[in-house]
Amino acid sequence: MVESTAVRLLEDFSLEMTGKDVANLQEAASAIAPGTRINVTYLGNEDLPMRVAAAKAVGELGFTPVPHISARRVTSEQALRDFLAALAEVNATERVFVVGGDPATPEGPYPDSLSIIRTGILQEYGVREVSVAGYPEGHPDIDTATLWEHLRAKTASLAEQGLGQVVISQFAFDAERVSEWVAEVRDAGVTGDIRVGTPGPAGVKRLIGYAKRFGVGTSAGIIKKYGFSLANLVGTAGPDRFITELAADKPVAGDGRGVKTHFYTFGGLSATAEWIRDFSRGA
């Protein structure tokens, strides 16, 4: 049962890339199934042409682009419209991921992802499905009650607008906590797909660095459970144990509405795609 569930978790997986990763995606393309969803980030060190070019490349390689919209980085309604219009020109607006974003102070009129969703602008440019963020281990700057309040509000607004919805979680190391969170999301009335954020194989130091940056739990016990030790930062860690344990937990194993995996490719697109392929064959 665990083996079949683990394989199911990896079916229709999604990957994440930055605007600078086009060459890396081209290199990894042969190891990625056609139609795979590739999320394209919206970072502070990227600009509109870079983001659009990356989304275009995803589509041209035969994959499904899911561009990010970082609410607090959008400087105006016109900037939002310009971005969506540019994406529409390269057929990359059907699916988007709307997230609050990093800046402590909004750079424009949108303090959070909910404020963008509620504008009604997205569907004007062909958006049919919106992914939103979930946080199994909480958020370093937002209290838990507010996170749940906003998740319910976002999914309700998307349903009212007739838009499909997906919840993509921040990556985590604790399969037990993620499984509990999946059950909590379902209890909150969310019926769409849940994509569990999973770090692809990467150097231990890099994984810990990203975990600290995003407020992911890095206690010695959780780290050891994932498969490496804070006492030994040499080498690479993969999500083998995490995926196997997640597949064994009832809320995930028994969910018939769509729990899938979303890979944060800290160690590179090729390394992650090859790990998925090899693990699926061996599970």
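**A helix and its barrel**

Modeller: Happy to, and keep in mind that this is a predicted model. Let's start at the N-terminal end of α6, which D143 caps: one of its side-chain oxygens lies 3.2 Å from the backbone nitrogen of A145.

Biologist: Nice. How many residues does α6 have, and how far does it reach from first C-alpha to last?

Modeller: α6 has 17 residues and reaches 24 Å, close to the 24 Å expected at 1.5 Å a residue. Just after α6, G162 takes a positive phi of about 75°.

Biologist: And which residues in α6 are buried?

Modeller: L147, W148, L151, A153, K154, T155, S157 and L158 are buried.

Biologist: What covers them?

Modeller: The cover includes α5 (113-117), β5, β6 and α7 (175-187). As for β5 (129-134) and β6 (164-169), α6 (residues 144-160) lies across both, running at about 175° to β5.

Biologist: Switching topic: in what order do the strands close into a barrel?

Modeller: Eight strands close up as β1-β2-β3-β4-β5-β6-β7-β10, with parallel pairing. From one strand to the next, the twist averages 30°.

Biologist: How many bridges join β7 to β10?

Modeller: Six bridges join β7 (residues 193-199) to β10 (residues 259-264), and the two strands run parallel.

Key:
Residues are numbered from 1 along each chain as its sequence is written. This is a predicted model: local features need pLDDT of at least 70, side-chain atom pairs count only at pLDDT 80 or more; totals for chains, interfaces and linings use all residues. Side-chain values use heavy atoms; hydrogens and water are left out. Two strands pair if DSSP finds at least two bridges between them. Helices (H or I, at least four residues) and strands (E, at least two) are DSSP runs, numbered from the N terminus. Axes are lines fitted to C-alpha atoms, for helices over the stretch in contact, and angles run from 0 to 180 degrees between N-to-C directions. Contact means heavy atoms within 4.5 Å. The expected span of a helix is 1.5 Å times one less than its number of residues. Buried means under 20% relative accessible area, exposed over 50%, partly exposed in between (1.4 Å probe, protein chains only). A polar contact is a pair of N or O atoms within 3.5 Å; within protein, one must be able to donate a hydrogen and the other to accept it, and residues adjacent in sequence count only if both atoms are side-chain atoms.
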